[in-house]
Structures are given as structure tokens and as C-alpha cells.
Amino acid sequence: MTSQSTAADHSSSSESTRLPAATIRLIALLVAAAFVVILNETIMSVALPDLMVEFEVTAATAQWLTTAFMLTMAVVIPFTGWMLVRLPLRTVFIIAMSTFTAGTVLASLAMVFPMLVAGRVVQAVGTAIMMPLLMTTVLNVVPADRRGRTMGVISIVIAVAPAVGPTVGGVVLDSLSWRWMFWSVLPIAVLALIAGGALIRNVTENRDVPLDIFSGVLSALGFAGLIYGLSSIGEAAMGNALISPWIPVVVGVLSLAVFVWRQLALKDNALLDVRAFASPTFTVALVLMLIAMMSLFGVLILLPIYMQQVLGSTTLEAGLALLPGGLVMGILGWFVGRLYDKVGPRPLIIPGSILASAGLWGMTTLGADSSLGMVVAFHVTLTFGLALLFSPLMTSALGSLPPHLYSHGSALLTTLQQVAAAAGTALFITVMTLGQVAGGEGGEGALAAQMNGVHNALIAGAAISLITVIGVWFLRNTAQTEAPAAEALAEEALAADELADDATPAGPGR
């Protein structure tokens, strides 16, 4: 049975089929666990001022709580493609959640700053494994005709968790110590670990693939160098970087070039199979999603700075101002996924790209006397558009791949998201810093110079969003490949139902 014919057969009966209860429980557990671990990627952003005071470190040093997290994810994620092929699903989940839980405990007990950074690094190892694990599992167990709505739920994890991270952090810091950012998620992580160990079973086809150490070294140098360099551009603009950020960027690019050559040579034994890019749908959708991620993370880093330093908002007010946008993405995730299953990607991503760009262009009109209401309105417009983009693009990209590339495609998508996040942060912060310096040298006051930098950064982000507006027209509707384990799981559920019916005593009238 071909993937096209399978997808076509299922599309006509999508509304009459339901996922087995075991599949729903599996996905719900993985989504909940992934949401918790991804939330921690941005939750610390609003805590940096408090941590700088408590541990007596500079802003450049405190930023390592975020930078080290992203660097670790960039190093670990490429290995997840190999892990998901080599190891059973349950084993990979236990590794992910055990590591995340251990990192959470370590960070919550940190008495010195290096211990806190170490806890974040251990957390990041677990986080890096969870997203490819979640996406690979969905691709294997959810039929193609229902994949959009399930990926819509996953888009909540990818986009909403980072978006609401600062809000959660602001609420915690308003009345509790920063340590409660870790203590509050620890019980959830432990429960997920216990439940996963008891309920998860393997639904992927494993094979004995050797681990290519040379590829691992090249991957670590490439992705870590690229993300570290991009993350350091903002510090370099402020004169705080230890070395030129272009040195690690060049090292990263050269290492990745050799890495790609090595993966093509290894073929089926590749650490990260880059042959996924042979699918035009995967490549186009991934590029568009990465540009959208640049906008999201750039705005997430810039708006709190603008609200606190220009508008004079408190940490809590800045966090709450970003909450409506996060809620919009969460609410729309489910509905957008269902629409995707009915109409495909183009009717969603075309208006989505326009709305996202409109939100960014609207932000360019913000000034030193703008209201928080205007910030919320433009941010909601942006996130509304991104909600229409993320799920369809992710589903189109991964669903276009053959099943043996599911795990590698998931790892590629998640790794490059980290690069996009670093690039978006670097772009917005660098342009803001250069604009601020230029304004100060031009005789502007501190507030006016800061506003000049924010304005320039938003213009740059809005201009880049036009690439997405144009690029969505090049994405074609492509038949989704069918989930290998979906039919077997459905048959098991049907057999279990029939067994339960046969075991039920006949009552009156039966």
C-alpha cells in the first residue's frame, strides 16, 4: 500500500474514526511532559535581575542560564535521531524525564551560580530529547487523516510553552523565590516519569545502528558554535564579548558542512539523516517555520525589555501582557489542526503569514508613550498569525517524509528551531543595541536612545517577516505518509473491545 493511496483512503473517513484510548493516553502523557520541559527554556528570562543580585554576577554572566540551555539542546538533539532508532520508546522517555528531573532538583538547590548553570544544562539534556520523541511517536501512531489536529496540540508545546514562560516566571517572582520556578514543576516531572515508566510501550521499529563518534563531534562543534556565536552577537555589540562572535559562527558553519558530507556518506547509518531535505515539502515548510520562530523568540526577548525599560512596567505587568498572546496560540492550536485535516496547509498559512507580518509591522508604531493595551493587541495579532502557521507547517514538513526518516526529520526540525531562536534573539538584540548606541551618540537621552533601538529592531523583524508572506505561496499540498503503528494499535483496541463485550454477562433482553 502506497503512502498516497493510504492517505487518500483515510481522508474520506477521517471524521468516522477515533484514536484508540491507549494512543490518546500515550500522546497526552508525552504532550504534558514536553510542555513542562519546554516551559523551562524561557521561564528564567524574567528572573535574571534577581539572580544577578543574589549571586553577584553581571548581566553577561547571568545570560549563560539561557545560553547554556540552548547550547546543550543544540548538542544533544542531533543524537536523538539515532537514539529513537536504536532504543525503545519507553527507554528514551525514561532517560529524558529522569535527566530533566535531576536537573530540576540540582537547580533548585543551587547555592552558587555555576551550580545553577549546571542544573540548567542537565535540564536541557532531558528537554532536548522530549520534543523529537513526541513528534516521532505521533507520526508513528496517529493516522494521516487525524495528524493535523494532533500536531496542533504539539504546536502548543513548541510555541505556547516558550511564550508563556516569562508570564509564569513573573507570577512566581511576584510572591515567591526564584527557586519555586523549579520546585513548582518538580512534582509534575516526577509524576510524568512514573506514569511514563508504567504506561509507555515501544511503537517504533528499532534497529542496531552504530553511533558514529566523528559525526557526534562535528555536530557538537557545528550547532554549538553556530548558536553560541549568534547568541554572542548582542554582547559584542555592547562590547562585552570575550571573542569575536564570528569565530564560533565560522567554526560552526564549516563543521556543519563536513557534518552534512559525513551523513550523506553514512546513508542509513547516519547520526542525523539529512536526506530528509530531499523532500521539497519538508525543506520549504521547515524554512518558513524557522523564520516564524525567529520572529517569535525575537519578540519574546525584546518586548519585556521595551515594557520594563521604556514604558516603566513591572516584571509582573510585562509577563501578564504577553499572556493573552500565549493563550491565543494555545486555544487556536486545536482548531487549526482540525482545519488542516479538512483543507490542507495553504488556506491556513497564507492568512497566517499576513497576520503575523501585520502584527510585527504594527509593533513598529510603538513609542515611549504607547499603552500596554497596544502592545497586547499587536502581540495577539502576531501570535494569531503564528498559530495559523506553526501546526500546518510542522505537519506538512514531517508528514511528507517516509517513515524511516520520521525520527531524523523530528530531530532536524527541533535542532534548527534552536538555531532560529538564537538567530532571532541575536538579530533583535543586536539591532536594538546598535540603534541605542547610535541614538546616544546623536545626543538623544537614555530613554529616547533605548526607544530608537527597539524601533529599529522591530523594523528589521517586520521586514524579515515578508519572506514568510512570499514563501507560503511555494508550499504545495503533499499527501501525508501513513503512520506505521496506527493500524496495529487500532486492531488491538478493537480486539480488546470485543473481548470485553464477550466477557460481559448477558442481561435481560440480550
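Me: Which hand does the crossing of H6 and H7 have?

Reply: In this predicted model, the crossing of H6 and H7 is left-handed. Helix H6 covers residues 89-108 and helix H7 covers residues 113-141, and their axes lie 7 Å apart.

Me: What makes H6 roughly antiparallel to H7?

Reply: The two helices pack at an angle of about 155°, and angles over 145 degrees count as roughly antiparallel, so H6 is roughly antiparallel to H7. The residues of this contact comprise 18 nonpolar, eight polar and no charged.

Me: Which hand does the crossing of H15 and H17 have, and how do the residues of their contact divide?

Reply: H15 passes H17 in a right-handed crossing, where the axes of helix H15 (residues 323-343) and helix H17 (residues 372-399) come within 8 Å and cross at roughly 35°. The residues of the contact of H15 with H17 are 14 nonpolar, eight polar and no charged.

Me: Why is the pair of Phe223 and Phe259 called edge-to-face?

Reply: Ring centres must lie within 6.5 Å to pair, and planes over 60 degrees apart count as edge-to-face; the centres of Phe223 and Phe259 are 6.4 Å apart and their planes stand at 75°, so the pair is edge-to-face. By this rule the count comes to five aromatic pairs.

Me: What does the pair of Phe223 and Phe259 tie together?

Reply: Phe223 belongs to helix H11 (residues 213-237) and Phe259 to helix H12 (residues 246-266), so the pair ties together parts that are 36 residues apart in sequence. Both Phe223 and Phe259 are buried.

Me: How do you know that Phe282 counts as buried, and what is Phe277, buried or partly exposed?

Reply: Buried means under 20% relative accessible area and exposed means over 50%, with partly exposed in between; Phe282 has 0% relative accessibility and therefore counts as buried, whereas Phe277, with a relative accessible area of 33%, is partly exposed. Phe277 and Phe282 form an edge-to-face aromatic pair, with 5.4 Å from centre to centre and 65° between the planes.

Me: Why can the buried residues of H3 be said to line one face of the helix?

Reply: In helix H3, which covers residues 48-55, Leu48, Leu51 and Phe55 are buried. Seen down the axis of H3, the buried residues fall within an arc of 60°, so they line one face of the helix. An α-helix has 3.6 residues a turn, so residues three or four places apart point the same way. Phe55 also forms one aromatic cluster with Phe113, Trp178 and Phe182, and just after H3, Glu56 takes a positive phi of about 55°.

How values were computed: Residues are numbered from 1 along each chain as its sequence is written. This is a predicted model: local features need pLDDT of at least 70, side-chain atom pairs count only at pLDDT 80 or more; totals for chains, interfaces and linings use all residues. Side-chain values use heavy atoms; hydrogens and water are left out. Rings of Phe, Tyr and Trp (its six-membered ring) pair if their centres lie within 6.5 Å; planes under 30 degrees apart count as stacked, over 60 as edge-to-face and the rest as tilted. Helices (H or I, at least four residues) and strands (E, at least two) are DSSP runs, numbered from the N terminus. Buried means under 20% relative accessible area, exposed over 50%, partly exposed in between (1.4 Å probe, protein chains only). Axes are lines fitted to C-alpha atoms, for helices over the stretch in contact, and angles run from 0 to 180 degrees between N-to-C directions. Angles under 35 degrees count as roughly parallel, over 145 as roughly antiparallel, 65 to 115 as roughly perpendicular and the rest as oblique. A crossing is left-handed if the near helix is turned anticlockwise from the far one by less than a right angle, and right-handed if clockwise. Ala, Val, Leu, Ile, Met, Phe, Trp, Tyr, Cys and Pro count as nonpolar, Asp, Glu, Lys and Arg as charged, and the others, Gly among them, as polar. The arc is that of the directions from the helix axis to the C-beta atoms.
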